[in-house]
Amino acid sequence: MRLETLAIHAGRAVDPATGAVRPPIHLSTTFERDPDGGYARGYVYARYGNPNRAALEEALAALEGGAAALAFASGSAATMSVFQALEPGDHVVAPLDAYHGTVGLLREHFTRWGLEVTFADLTDPEQLEAALRPNTRLVWVETPSNPLLRITDIRRVVEAAHAVGARVVCDNTWATPVLQRPLALGCDLVVHATTKYLNGHGDVTGGVVVAREVDAWFERLRAIQVQGGAVPSPFDAWLVLRGLATLPYRVRAHTEHAARVAAFLQAHPAVEAVHYPGLADHPGHAVAARQMEGFGGMLAFQVRGGREAALAVAARVRLITRATSLGGVESLIEHRASIEGPGTRTPENLLRLSVGLEHPEDLIADLEQALEAAV
């Protein structure tokens with residue numbers, strides 16, 4: 001089945017008890033044992049499994065073209081589980097430009113736990129090769145990256161990492177399986193914050209890990225999921241599954257709108273730079289065009305005049321909402337350096353924009369009036 005069909009039907013079936021077309025929400029924390037002590041119906045306790053979570057995992061594995069998936073209570077919990085499955089002394093290579101929560105997990109927690117970490121510009125083949133070691137066990141890829149939308153050549157990273165026996169994990173949150181299929185490009189795992197585009201309506205926190213194959217390492221991840229208990233509630237799983245049905249069409253609209261907004265911003269005299277891989281002069285444009293089906297709904301732009309000018313533009317928007325997060329139907333803008341805090345690598349004049357499903361001309365008009373005083 002094609003992606004649009006999978007998005008609607010994967011993980012879903014008519015309820016055999018009632019004939020309901022939409023799946024019921026199973027809130028029970030525990031499940032009845034059979035007279036012989038077994039669990040023929042497949043469920044024991046909510047931390048171990050739940051029908052709503054199972055349906056979501058089946059759907060997400062199908063959309064990414066993976067063998068299996070594990071749903072978590074947040075994208076950070078999914079990310080943490082991957083690092084927890086490594087051994088102290090293992091070496092991880094991670095990108096310099098990446099979600100600050102991932103960077104924080106590695107720098108503040110897992111290095112103390114015993115992981116060795118090298119941050120490098122993975123868009124540069126020489127830096128990638130220099131970062132790899134004999135004890136490298138995992139290379140973390142984020143493309144497009146947060147917040148500078150840098151593009152990493154996934155196949156090139158996979159080739160280099162597999163040559164030293166390392167797995168490759170791609171955070172595919174910004175691209176989604178609609179635009180990019182990292183497992184088909186050779187990655188071993190894909191991670192998403194289902195909070196974002198997969199749910200798409202700003203009312204769920206969740207995450208997922210999808211595996212290309214079920215092996216001993218994946219079973220270790222499953223044990224961390226079950227024993228750690230950072231699992232989504234039945235209702236959260238149900239909401240993400242509901243959001244998936246419209247994912248292909250939402251993402252294509254986000255992408256179309258973002259391209260129009262990016263073109264407007266690039267021509268505006270108050271804008272110093274626009275970071276969007278759909279622009280022909282973006283350094284990663286050629287790679288993105290090769291490995292993606294579209295350039296996504298996220299962009300960032302730098303305002304002339306520095307930090308205060310950028311904050312002033314954000315303060316003047318009327319339609320776009322000043323808020324953290326992305327991938328919802330409403331457009332969101334934020335001064336990213338303020339969110340990331342001390343030690344951020346993000347330019348102080350940068351604003352990150354999640355382009356929503358409002359009419360793009362209305363978004364452009366809002367940005368135009370907000371930028372007017374900055375000219």
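Alanine 280 is placed in the loop that runs between strand E8 (271-275) and helix H11 (285-291); helices (H or I, at least four residues) and strands (E, at least two) are DSSP runs, numbered from the N terminus. With a relative accessible area of 71%, alanine 280 is exposed; exposed means over 50%, buried under 20% and partly exposed in between, with a 1.4 Å probe and protein chains only. From glycine 11, alanine 280 is 269 residues apart in sequence and 39 Å apart in space, C-alpha to C-alpha.

The model is predicted: local features need pLDDT of at least 70 and side-chain atom pairs count only at pLDDT 80 or more, while totals for chains, interfaces and linings use all residues. Residues are numbered from 1 along each chain as its sequence is written, and side-chain values use heavy atoms, with hydrogens and water left out.

The chain is assigned domain 1 (3-243) and domain 2 (248-373), with bounds from an automatic or database domain assignment. Their centres, taken over C-alpha atoms, are separated by 26 Å. In domain 1, 30 residues are in contact with 38 residues of domain 2, contact meaning heavy atoms within 4.5 Å. About 2,800 Å² is buried between the two domains, and carbon and sulfur atoms give 62% of this area; buried area is the accessible area (1.4 Å probe) that two parts lose on being put together, summed over both. Leu149, Leu179 and Tyr197 supply 26% of the area that domain 1 buries against domain 2, more than any other three residues.

Two salt bridges are found across this interface, a salt bridge being a side-chain nitrogen of Lys or Arg within 4 Å of a carboxyl oxygen of Asp or Glu. The structure as a whole holds 15 salt bridges. One of them joins arginine 212 to aspartate 188, at 2.9 Å from N to O. Arginine 212 lies in the loop between strand E7 (207-211) and helix H8 (216-228), and aspartate 188 in the loop between helix H7 (176-179) and strand E6 (189-192), so the pair ties together parts that are 24 residues apart in sequence. Arginine 212 is partly exposed at 32% relative accessibility, whereas aspartate 188 is buried at 16%.

Another salt bridge links arginine 53 and glutamate 57, with the closest N and O atoms 3.8 Å apart. These residues are separated by about one helical turn because they are four residues apart in helix H2 (residues 51-64). Both arginine 53 and glutamate 57 are buried.
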